[in-house]
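Welcome, and thanks for taking a look at this model with us. Here is a short briefing on ring pairs and charged pairs.

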Amino acid sequence: MMSVKNKKRGRPLKMGGKLSSEAIVESAVRLLEQSGKVPSIRKIASTLDVDPMAIYYYYSNKTAILEAVTVDLMESIYEPDGHKSWRDELLCLSVSYLRLLQDYAGLLETMLAMSDVSPAKIFISRFEEILSPLNLPEPDKKDAMDLLVDYLHGFALAARCNDGNKSLTVDVARGPITFYLDALGGKANLKDVKISR
């Protein structure tokens, strides 16, 4: 006698029939946190107890899910509230971003491989909001952001490569970030000062 395997259909059993884009993103985020790598559509569907094809009703492909996941995670980084100095706000933003990259091991590589810039726009808009009181020219603002982001990404990658030695923690990054903030503050204060010889 031939046994027939029960096939999962598009309706999720564990969720009472309420599959949604939010449930898919939440599941993908949990799986990314647990495994440190981007989950497959099959793995997400299995976690939600649905047929993998049901996921495609909400997202056209894996890239669309990755964008939604990275945007969701990036939304959790520090959001300036205007109650702190620009230095404190930028330190909070930097530390929260590093912690996010530390908590989700595969996130940085995923974002760097993406052609969509939606996740990066979240960091950029918060960075620009924080720096607005400095009135830096656009080229200086871009250079400041590029330098900080490159440092944060490099630190996150070094920390992950140095996993056996727990000496590279977010707290270790505070010194270099503070040095960067001092230099940036000096640039903002001295931008109109001419050096005489």
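This is a predicted model: local features need pLDDT of at least 70, side-chain atom pairs count only at pLDDT 80 or more; totals for chains, interfaces and linings use all residues.

Residues are numbered from 1 along each chain as its sequence is written, and side-chain values use heavy atoms, with hydrogens and water left out.

**Aromatic pairs**

- Rings of Phe, Tyr and Trp (its six-membered ring) pair if their centres lie within 6.5 Å, with planes under 30 degrees apart called stacked, over 60 edge-to-face and the rest tilted; the count comes to 4 aromatic pairs.
- Phe 123 and Phe 127 are stacked, because their ring centres are 6.3 Å apart and their planes stand at 20 degrees.
- Both Phe 123 and Phe 127 are buried (under 20% relative accessible area, with exposed over 50% and partly exposed in between; 1.4 Å probe, protein chains only).
- Ring pairs also join Tyr 97 to Phe 123 and Phe 127 in a cluster.

**Salt bridges**

- With a salt bridge taken as a side-chain nitrogen of Lys or Arg within 4 Å of a carboxyl oxygen of Asp or Glu, the model has 8 salt bridges.
- Arg 160 and Glu 109 form one at 2.9 Å, N to O.
- Arg 160 is partly exposed at 26% relative accessible area, and Glu 109 is partly exposed at 36%.
- Lys 142 bridges to Asp 146, with the closest N and O atoms 2.6 Å apart.
- Glu 75, Glu 79 and Arg 126 make up a network of salt bridges.
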